[in-house]
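Subject: Structure for your review

Dear colleague,

Please find below the structure that I am handing over to you.

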There are 2 protein chains.
Amino acid sequence: MEDFKVEEKNEKLTDKNTLLHQIQFMTQYINRLKAKQASKTEIDAVSSYIEQLKQELSVYIRNGDIPPKASLLLKPPKGTRDYGPEQMAVRNKVLNDIISVFKRHGAVTIDTPVFELKDVLTGKYGEDSKLIYDMEDQGGEILSLRYDLTVPFARYLAMNKISNIKRYHIGKVYRRDNPAMTKGRYREFLQCDFDIAGQYDPLIADVECVRIGYEILNRLDLSNFCIKINHRALLDGLFEACKIEASKFRIICSSIDKLDKEPWELVRREITVEKGLTEEEADKIGSYILRSGREELVNLLLKDEFLMTSNSAKKGLEEIQQFLHFCTIYKISYKIKFDLSLARGLDYYTGLIYEFVLESKNKDESVGSVAAGGRYDNLVGMFDPKHKTVPCVGISIGVERLFSVIETKFSKETEKVRIIDTQVYVASAQKNLLEERMKICCELWSNDINAEQSYKKNPKLLQQLQYCEEYKVPFAVIIGERELEQGIVKIRNISTREEEDIVRENLVSEILKKLNLNL
Amino acid sequence: MEDFKVEEKNEKLTDKNTLLHQIQFMTQYINRLKAKQASKTEIDAVSSYIEQLKQELSVYIRNGDIPPKASLLLKPPKGTRDYGPEQMAVRNKVLNDIISVFKRHGAVTIDTPVFELKDVLTGKYGEDSKLIYDMEDQGGEILSLRYDLTVPFARYLAMNKISNIKRYHIGKVYRRDNPAMTKGRYREFLQCDFDIAGQYDPLIADVECVRIGYEILNRLDLSNFCIKINHRALLDGLFEACKIEASKFRIICSSIDKLDKEPWELVRREITVEKGLTEEEADKIGSYILRSGREELVNLLLKDEFLMTSNSAKKGLEEIQQFLHFCTIYKISYKIKFDLSLARGLDYYTGLIYEFVLESKNKDESVGSVAAGGRYDNLVGMFDPKHKTVPCVGISIGVERLFSVIETKFSKETEKVRIIDTQVYVASAQKNLLEERMKICCELWSNDINAEQSYKKNPKLLQQLQYCEEYKVPFAVIIGERELEQGIVKIRNISTREEEDIVRENLVSEILKKLNLNL
C-alpha cells in the first residue's frame, strides 16, 4: 500500500500516458484482488486510487489533449445507474401500487423542472447545501439540480398563491454525496412524496399521512414494520426546560437523530464536547430521550413537573395524545411507538414527526427507515414576499429502499417478474410465411391484443417457442402450410404445451376467450 | 426604443440599486404596452431588455451583495414550467395511451440518468451541440444533461453488449434553445421513444415502428394525419448521381429539411450561395426532391436513367417499394405519402425515414410533425471499442405537441378532465361528527375504495357538497345525528342529487354495488 501513497503526492505532475498505463495496471490489480477475495478495505483503497487517477486524467481529456478512449465513455456518471427491463418492471409495479394508494386518498399530482434557480435552494438544507449539483453558468440564470421535491413544492405553492392542495409528486432528485451503491445510496434517485397543504384543524391531515404510509407498506406485502413518532415541540420543550439556548435546538436534534445508529455514549459525547452542552444538561436530556412507549408514557410525561415547566413540551405531548387517539380510529395504533429519540434531520419540521422502520427477520441486515415525514408549517412562508405561510404535512416514501427490498424478495422466488405484456406470439413452422404472420399480427393489434412476431423472414420454430417460454407469453399462434391450406391456425398454450386447431376467421374471438379464461 | 440601446452599452457599470429600479420600471412599462395591445415586436424588445437587466443583476446576487428578493425567486427557470394538476391529468392520460400501444407490441422499458459524461454527447449533434446544458465542474467527472434519449440508448447498448432489444423510454431532455413557449417549445421537455435494435431482415421492424405511430394517433382520436416517408440512400444516391462531393451530403440534407417551412427558392439559394452547389446541380436536385407520390412514383424513378446511375438510389427505391408493400399488409398505406423532400435533420439516419404530420382543419394553425423517426445503423458502433454496431430503427412521439393539441381539444369541451379519482366523499351534516367520518373513511380505504373527507373538525355541508360537484366525485356519504341514532347513513348521487338511506353495516357493499353500476 505504501507505493500508492508515494504516487499520490506527485499529483498533476504525472503525464497522460503514464496515467493511462497506471489506470490499466491498477484495474488489472483490482481484478486480481477480487479474484483472491481480498478484504473490502484493501479493494476499496485501490478503487479510490483508480478514481483519483481517472480524475487527473480527465483534466487532459477536457483540454482536448488526448482523444477520449471509447471504453472510458462506456459508463453512466459516478453514483448513477441505468435501469434495465427487469429493474424497471419491479420499479413500475411498486410505483403503481404506491400511486394507487395516493389516489385512494384523493390526491392530484404535479410536476416541476429538474433544476431550479440556485437561490430557490439556497438556505434550505443547512450543511447539506454542499451536496447540491450546480449547472455551469452558460450566460443566463444560475441553476442547480433539485435536492428534494419539498422545496420546489413550497416554491410552487407560494408562486401560484395556492392555499390548499393535496398532491403527490414522483421525480428524481440529485445529491453529490459519496455514493454507497452497495447500500443503495445513489447520487440520482427517485423521491415519492405526498403532502397536504392548507389551514385545517390539528392532526387530521397528519394522521392521514401516517395511514397512507401504513397502507402502502401493507399493499407491498411488507407488514413487518413499526411507526416511530415524536413531536418537535416536545423536543424543543425539553431543551427549553433544560435551559439550553434556543440557537442550539436544531444542532442538538441532528445529534439525537443519530441514536438509531449510534449508542447514547457517542451522542452524549457529541453534544457535550462538540456542541458545548454541560454533562448535567446532557444527562438530563438523556434521561428523557432514551424512553419510548405509548399512551402510558404520554400520561406519565404530562405529569412530569420538570417537563411541564415548558409550554411547548405540554403542547407537544397533548398533540401526541390526540394523535394516538386518531391512530386508534384509523386502526394503526398497534404499529405506533412513541419514541423520544426520533428527531429527524431536516430543519424545517415544526410539529409531529414520524418514521416507518422495516424490521428484518435477519437482525444483521437492517433495512431501516422506508418512509418518513412530518409537519412543516413555515417553509412556504420563506418564499412568499409577505411571508404569508401555508401549513403543510407530508410523507416521503423511501422508494429506492423499497425497490431493493422487493427486488431481493423477487430474486429469491423461482418465478421471474414478467417484463413484457405480450399475450400472443405469432410463429411460423415453415419458411416463406412472413406475410401471413404480419397479417395475423395486424389483426390482433387492431383488436387491442398484445402480439409479437420475429423480425426475421424465416425464423426457426424452436427459437420462436423459446422466446415465449423465456418471456412467459401465454399463447402462440402457429401457422404452417398445412394450416394455411385448410384455413386454420394452431393455438398453443405455452405453459401446458397443449395445442388446438382453430378456424382462421375465428382467431380473434378464440384468443379473446382464452385470454379471459387465463386471467 | 433608442433609450434602451444607450443603456445597453453601459453594461456591468450600472449599480445594483439602479438595476432594481430599472427592472421595476420596465416591468410596469411592459404591462402598459400589453394593456394597450402594442405590437409583439415592441413587447418582445422590452421583454428581452428586462431579461438582460436581470442577468446583470444576477451577478450581484451571486456575489452575495444583495439579498435575493423573494419575488424574484418565484419562477421556474427560463424555458421550463411547472405542471399543475389539470395538465398532469391530461399528460398522464396521453402517456398511458401511448405506453399501452408500446406494450401491445411487446416492448420493455429502460431508464438512464438525466446526465451523462460530457464526452458521451460530444460529436453526436453537429451544430446543435451548443444547446447542451453543462454541469459545473465541482471536482470529478465532467457532466452534461442529456439532449435526447437516443444517444444514451446507444451508450447503454454498447456498454452492456446488448445485441437486440425492443424498448420504449419516456424521459425529460434538455436543450438550451431560445424558448418559444407560445409555440410549445421548451428547454425541458418530455421525449417518448420506441426503438427496435437487432440484426434482422430488412424493413420488418421499420414498418412496425410506423404502424405503432399510426396506432398511437388513432388511439388519441387524432386520425387526421399523413405519414411522409423517404430513404436516406435515395437522397444520397441522388446527390451521387449529381456528382456532388460526399462530404456535402449531410449539409444539403439540412437545407432540404427546411422545405416544409420554406419555399424551394429560399432553399435553392441556401444550397447554392451558402453551400456552394452550382445552379445546375441545384436545379437537378430540385427536379427530383419536389416530387411526391406513391407506388407509381417509385416505379417511375426506378426507370429514371439518370438516377439509376447510382446504386444507392436504386437500393433506396427498392426498399421503399418493399416498405409500401408491407404498409398494405399493415393496412396503413392509405396514410403514406412518399415525399422526396423529407430529409430529417439528424445526421445519424442511414435508411428509411418517416414523419407523421397532423393536418389541421384550420389551414393557418399547422401543428406539423407529431412523430418521426427512421433507421440508424451506425450509432451504437460509435460507442463500441471495436466499433461493433447494432442496427436500430425507431420512432419518437412528439408528446409535447400532442399534449398541447389534446389540451386545446379538452378546453373546448364543456366537460372538464377529472384530476382526482375519489369515488366517495364522506360528509357530515352537523357538528361533532369528525370521529364518525374518520371511522367511515377508514372502512372505505380498507376496502380499496377511494375516499376523502374534509380536514376540518366541523365543515359546512354546503362546502363539502360543492367540493364533490367541482371535482366530480360520484357519491357522498352523509351522516348526521339522526342517521347515527338510527344506525343508517345517507348516500347521495352527486350528479342526479338523489339520496338514499342505507343500513350503516351495509355501507361498503352498497357503495361497491353503486360504483360497479356507475362504471
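Predicted model: local features only at pLDDT ≥ 70, side-chain atom pairs only at ≥ 80, totals over all residues.

Chain A as a whole

Chain A contains 19 helices and 16 strands. Of its 519 residues, 54% count as buried. The accessible surface of chain A amounts to about 24200 Å², and carbon and sulfur atoms account for 49% of that surface. When contacts in chain A between residues at least 6 apart in sequence are considered, 67% of them join residues at least 24 apart.

Helix α9 of chain A

Helix α9 of chain A spans residues 232–241, and nine of its 10 residues are buried, so the helix is largely enclosed by the rest of the structure. The buried set includes the charged residues A:Arg232 and A:Asp236, together with A:Ala233, A:Leu234, A:Leu235, A:Gly237, A:Leu238, A:Phe239 and A:Ala241. What do these buried residues of α9(A) pack against? Their partners in chain A are the strands β6 (225–231), β8 (336–339) and β9 (352–358), and the helices α10 (249–256), α12 (279–289) and α14 (311–329). Just after α9(A), A:Lys243 adopts a positive phi of about 65°.

The interface between chains A and B

On the chain A side, 103 residues are in contact with 102 residues of chain B. The two chains bury an area of about 9000 Å² between them, with carbon and sulfur atoms giving 61% of it. Polar interactions are also present: 44 residue pairs are in polar contact across the interface, both residues being at pLDDT 80 or more. The side of chain A that touches chain B is made up of 49 nonpolar, 21 polar and 33 charged residues. The rule finds 12 salt bridges between chain A and chain B. One pair that forms a salt bridge is A:Arg155 with B:Asp82, whose closest N and O atoms are 2.7 Å apart.

A loop residue of chain B

B:Ser360 lies in the loop between β9 (352–358) and β10 (368–376) of chain B. Is this residue, B:Ser360, buried or partly exposed? Its relative accessibility is 24%, and B:Ser360 therefore counts as partly exposed, since buried means under 20%. The C-alpha atom of B:Ser360 is separated by 7.6 Å from that of B:Asn224, although the two residues are 136 residues apart along the chain.

With kind regards

Notes. Residues numbered from 1 in each chain as written. Chains lettered and ligands numbered in written order. Heavy atoms only, no water. Contact = heavy atoms within 4.5 Å. Buried area = accessible area lost by both parts, 1.4 Å probe. Salt bridge = Lys/Arg side-chain N within 4 Å of Asp/Glu carboxyl O. Polar contact = N/O pair within 3.5 Å; in protein donor to acceptor, adjacent residues only side chain to side chain. Helix = DSSP H or I, 4+ residues; strand = E, 2+ residues; numbered from the N terminus. Buried < 20%, exposed > 50% of the residue type's maximum accessible area, 1.4 Å probe, protein only. Areas by Shrake-Rupley, 256 points an atom, 1.4 Å probe, with all protein chains shown as cover.
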